[in-house]
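Subject: Structure handover

Hello,

Here is the structure you asked to look at. My notes follow below it.

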Amino acid sequence: MQSQFYTLTDYPNGLPDRALFKLETQTLPELAEGEVRIRNHWLSVDPYMRGRMSGIRTYVEPFELGKPMEGGAIGEVIETNDSSLKVGDKVSHMGGWRDIAQLPAEGVTKLPDIDVPEQAYLGVLGMPGMTAWTGLNLIAECKPGDNVLVSAASGAVGSLAVQLAKAKGCHVVGIAGAAHKLAWLESLGVEPVSYRDRTAQELSDAIKLASPNGIDVYYENVGGICLEAALSQLNEGARIAVCGMIDSYNAKTPTPGPSNLAQLVVRKAKMQGFIVADHWASYPYFLNEVAPQVAQGKLVYKETVKEGLESTPDAFLALFDGGNTGKMLVKL
Ligand SMILES: NC(=O)c1ccc[n+]([C@@H]2O[C@H](COP(=O)([O-])OP(=O)(O)OC[C@H]3O[C@@H](n4cnc5c(N)ncnc54)[C@H](OP(=O)(O)O)[C@@H]3O)[C@@H](O)[C@H]2O)c1
């Protein structure tokens, strides 16, 4: 059986060029003991993958040039040489950026038996959802009544973070780009604020209007002017969960920090970065709390779906110009 997969031909400087992603084909070897073969239905593209294209080890190894790229995927077992999985099982795994994956079964997880579409395990009930829950609860220690600000608020992580904060009884402001994203946030009971065509000062003024009582929790996905504006609106004892800083992922030169970082001192605020993988032991608690609410439609989610393996690089690149509302997915 053949597998089509993407490789990276070089490490990009700045926004990756589409030509750096090469679609290749290989004939898969016989299944070894303990391996399974999976037909992928859904592929995830995520901002963190840009870090794996830098050629430098961060908290995870970089993609190896010329080797199959990896990423979250959902599929169905079509052949198995391991007793823990049977043909027809729906599974999640990291053999994405390809149509057929052949992997050791130990890296493959059977999907829980919850009444949600399977691709939800790449978004609201998967890594991005777990990230939202972790950042809000375990890092920012968000509590009822907090004034919460979330950047990239209509994305996969942000859109769950705002809803979880609302459900706690918080006043929530969400920063996003396009008008339809702001409208969606408003429909969720979130005060929408656009960052487009604004200076940090103008964004700060807009946040103040939307949250006159200041900010107790800032859920940081962007950096840049969003961070500078948020810092200027902090209340005493504020907590900032630094989930990501997508504004700098394609920067060609080091980006300067915000000019007002000293607000952390003045406001006696805490700022803490985190990587969701370090908190994965809490995934069952997250699933227990969030999955029933998703299944009942109490927590909602959106997906932006690109069709076909060939669309994977474009789906990935669109993350950096706001081309997604909710989770960006590739459907095979
Ligand atoms: N720490 C962790 O373990 C962890 C895990 C998962 C994700 N993350 C981070 O969480 C953040 C969100 O990830 P996600 O998967 O949910 O992606 P996402 O928000 O679904 O997609 C990216 C969104 O970011 C916004 N954006 C892109 N460039 C921007 C810029 N220069 N300024 C302002 N907004 C920009 C765009 O929305 P607009 O239209 O609103 O601009 C875009 O749609 C990322 O920073 C990611 O790296 C961290």
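The protein chain has nine helices and 15 strands; helices (H or I, at least four residues) and strands (E, at least two) are DSSP runs, numbered from the N terminus. Its radius of gyration is 20 Å, close to the 20 Å that the globule rule gives for 332 residues, so the chain is as compact as a globular protein of that length. That radius is taken over C-alpha atoms, and the rule is 2.2 Å times the number of residues to the power 0.38.

Two notes on reading this. The model is predicted: local features need pLDDT of at least 70, side-chain atom pairs count only at pLDDT 80 or more, and totals for chains, interfaces and linings use all residues. Residues are numbered from 1 along each chain as its sequence is written.

The C-alpha trace spans about 60 × 45 × 35 Å along its principal axes. Of the 332 residues, 45% count as buried (20 or more other C-beta atoms within 10 Å of the residue's own; 12 or fewer is exposed, in between is partly exposed; C-beta atoms are placed from the backbone).

Now helix 2. Helix 2 (residues 127-139) packs against helix 3 (residues 156-167) at an angle of about 45 degrees, with the axes 8 Å apart. Axes are lines fitted to C-alpha atoms, for helices over the stretch in contact, and angles run from 0 to 180 degrees between N-to-C directions. Helix 2 is therefore oblique to helix 3 (under 35 degrees is roughly parallel, over 145 roughly antiparallel, 65 to 115 roughly perpendicular, the rest oblique). Residues making this contact include W133 and L136 of helix 2 and L160 and L164 of helix 3; two residues are in contact if their C-beta atoms, placed from the backbone, lie within 7 Å.

Helix 2 also packs with helix 8 (residues 283-295), at about 95 degrees and with axes 10 Å apart. This makes helix 2 roughly perpendicular to helix 8. The contact is made by G129, M130 and W133 of helix 2 and Y283, F286 and V290 of helix 8.

H41 lies in strand 3 (residues 35-44). Leaving aside neighbours within four places in sequence, H41 is in contact with I74, G75, E76, E118 and L332.

Regards
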